[in-house]
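Dear colleague,

I am handing over the structure below, together with some notes on what was found in it. Please read them with the model open beside you.

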Amino acid sequence: MWHWSEGKVHKGVERMDIVVVGSLSTDFIVEAERMPYKGETILGTNFSTAFGGKGANQAVAAARLEAETAFVGAIGDDGFGEKLKTNLEQNGIFCGNVETFTGEASGTAHINIYDNDNSIIVVPGTNRLLTPEVVASAHPLLEEADYVMLQNEIPVETIKHVIDFCHEKGIKLIYNPAPFIPIEIEYLEKCTLITPNELECNALFGDDVSSAVMKHPNQLIVTRGEQGCLYHDGETEVHVPSFKTTPVDTTGAGDTFNGALAAFLVKGLDLGEAIRSANMAASLSIRAMGAQGGIPTLKEWQEAMDHV
């Protein structure tokens, strides 16, 4: 069984394994037996709030697996923003480049859970204010990272800016193109790894999954939920199975996979083993409510892997 090696020594907070450029939000979670039809009102079974945002979820996943992690993002001064930042800090994430915008509302996500599945409406709030100009102040932080991570809950011009910057500087970049937005293929080709689900893969590449991964070996990883992941290693198509678990809340499973993937790559695993390890982290993440509620610590992950 593989075990973690000693971590490298960092000179101050500027030297990070992983820098996440992305979204933070407060999740408002409603549980019900089913979704209402148009114009219909039904009774829910439970309501809760949780910390979320695809960027924040991925950062927390990486940090709990003991990768040195920093976050670049934007919050409002509406009462929710400071709590979002504090949550990251309590997970050991460096937040020196989380900007606060006066008079603006922080991001929110409205999550409906039913029949062991979910549907989500995201309201960007200050996430839309994470512009290239704001990110530019974090360029020195990005340059020192082993991996930079991106998702699609921030402006597309910012996504393109970060992709171009990382490509020009030779920085490894993991791009999780979710939720789907159109982006030119030239930007995808500049990414080190791209991690869409099947629908996002079809929309991005205009191709079936098998053809897409074959054309982008060791770059395109397609996540397929219970069916695990698919990628091409340059010689053959590789299916990496998931680990079975009883789901409580699937929100954030894909984010956990991405954050864990980066963490395991930083620690030196090859791509196939990093994907397998990230699959375990994702399977553990759906055992509790909230996008971050079930994200495992390194100890929890190791105990689960020891019993495989």
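Does E66 count as buried or exposed? The model is a predicted one, and in it E66 counts as exposed because its relative accessibility is 52%, where the cut-off for exposed is over 50%. The residue sits in the loop that runs between α1 and β4 (69-76), and E66 has a positive phi of about 70 degrees although it is not a glycine. Most residues other than glycine have a negative phi, and most peptide bonds are trans.

Another residue other than glycine with a positive phi is N218, where the value is near 55 degrees. N218 belongs to the loop between α8 (209-215) and β11 (222-223), and N218 is described as partly exposed because its relative accessible area is 38%.

The loop between β9 (172-175) and α6 (185-188) deserves a look as well, as P179 lies there and the peptide bond from A178 to P179 is cis, with omega near -15 degrees. N176 has its place in the loop between β9 and α6 too, and it counts as buried because its relative accessibility is 5%. The side chain of N176 reaches the backbone oxygen of T195 at 2.8 Å. Leaving aside residues up to four places away in sequence, N176 touches K54, Q58, L150, Q151, N152, T195, D255 and N258.

The largest pocket has a volume of about 1,400 Å³, and of the 48 residues that line it, N118, G225, T250, A253 and G254 are the closest to its centre. Two or more lining residues are given by each of β2 (25-31), α1 (54-64), β6 (108-114), β7 (117-123), α7 (198-205), α9 (253-266) and α10 (271-285), with the largest share, five residues, coming from α9.

With best wishes

Technical notes. Residues numbered from 1 in each chain as written. Predicted model: local features only at pLDDT ≥ 70, side-chain atom pairs only at ≥ 80, totals over all residues. Heavy atoms only, no water. 1 Å grid on protein atoms, 1.4 Å probe; cavity = no way out; pocket = protein on both sides within 12 Å on 5 of 7 lines; lining within 4 Å. Points joined across faces, edges and corners; volume = space filled by probe spheres on them. Helix = DSSP H or I, 4+ residues; strand = E, 2+ residues; numbered from the N terminus. Buried < 20%, exposed > 50% of the residue type's maximum accessible area, 1.4 Å probe, protein only. Polar contact = N/O pair within 3.5 Å; in protein donor to acceptor, adjacent residues only side chain to side chain. Contact = heavy atoms within 4.5 Å.
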